[in-house]
Amino acid sequence: MADPPVPEGWELVDGRLRRELRFADFSEAFGFMTRCALIAEKMDHHPNWSNVYNRVSIELYSHDVDAVTERDVAFAVAVDALLDGS
């Protein structure tokens, strides 16, 4: 199975879509993660992620097929829309 296209700002590393983000402070980073969590629940597709102070690391792949799928790309696009304020 070929990997789907990688959205701008993301990278494909070890078969996972990854993005590292920095925010002004912990509150802004955590607020962003909260908005992402609502999207994840709605899509029933949950990221691997971590947060250290103002940094958020996101890793996406579909656990059931152990690969990046269109669902991961759709989640990445939704995250990008949050960052763009859409």
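Helix α2 has 15 residues, which at 1.5 Å a residue should span 21 Å; its end C-alpha atoms are 21 Å apart, so the two values agree. The expected span is 1.5 Å times one less than the number of residues. Helices (H or I, at least four residues) and strands (E, at least two) are DSSP runs, numbered from the N terminus. The model is predicted: local features need pLDDT of at least 70, side-chain atom pairs count only at pLDDT 80 or more, and totals for chains, interfaces and linings use all residues. Residues are numbered from 1 along each chain as its sequence is written, and side-chain values use heavy atoms, with hydrogens and water left out.

Seven residues of α2 need a closer look. Asp72, Val73, Phe75, Ala76, Ala78, Val79 and Asp80 are the buried residues of this helix. Buried means under 20% relative accessible area, exposed over 50%, and partly exposed in between (1.4 Å probe, protein chains only). The buried residues of α2 pack against β2, α1 and β4. Just after the helix, Gly85 takes a positive phi of about 80°.

The partner helix is α1. Two packed helices are described by the angle between their axes and the distance between the axes. For α1 and α2 the angle is about 145°, and the axes are 10 Å apart. Axes are lines fitted to C-alpha atoms, for helices over the stretch in contact, and angles run from 0 to 180 degrees between N-to-C directions. From α1, the contact is made by Phe32, Arg35, Cys36, Ile39, Ala40 and Met43; from α2, by Arg71, Ala74, Phe75, Ala78, Val79, Leu82 and Leu83. Contact means heavy atoms within 4.5 Å. The residues of this contact divide into eleven nonpolar, no polar and two charged. Ala, Val, Leu, Ile, Met, Phe, Trp, Tyr, Cys and Pro count as nonpolar, Asp, Glu, Lys and Arg as charged, and the others, Gly among them, as polar.

The largest nonpolar core holds 20 residues. Such a core is a set of buried Ala, Val, Leu, Ile, Met, Phe, Trp, Tyr and Cys residues joined through side-chain atoms within 4.5 Å. Trp10, Leu17, Phe32, Val56, Ile58, Leu60 and Val79 touch the most other members. β2 (16-22), α1 (26-43), β4 (55-60) and α2 (70-84) each supply at least two residues. The largest share, six residues, comes from α1. Beyond four places in sequence, Leu17 has contacts that include Trp10, Ile58, Leu60, Val73 and Ala76.

Asp72 lies in α2. This residue counts as buried because its relative accessibility is 0%. Not counting residues up to four places away in sequence, Asp72 touches Leu17, His45, Leu60, Tyr61, Ser62 and Ala67. His45 sits in the loop between α1 and β3 (48-52). At 7% relative accessibility, His45 is buried too. Asp72 and His46 are 26 residues apart in sequence, with 9.2 Å between their C-alpha atoms.

His63 belongs to the loop between β4 and α2. With 48% relative accessibility, His63 is partly exposed.

Asp44 lies in the loop between α1 and β3, and is exposed at 55% relative accessible area. Asp66 lies in the loop between β4 and α2, and is exposed at 51% relative accessibility.
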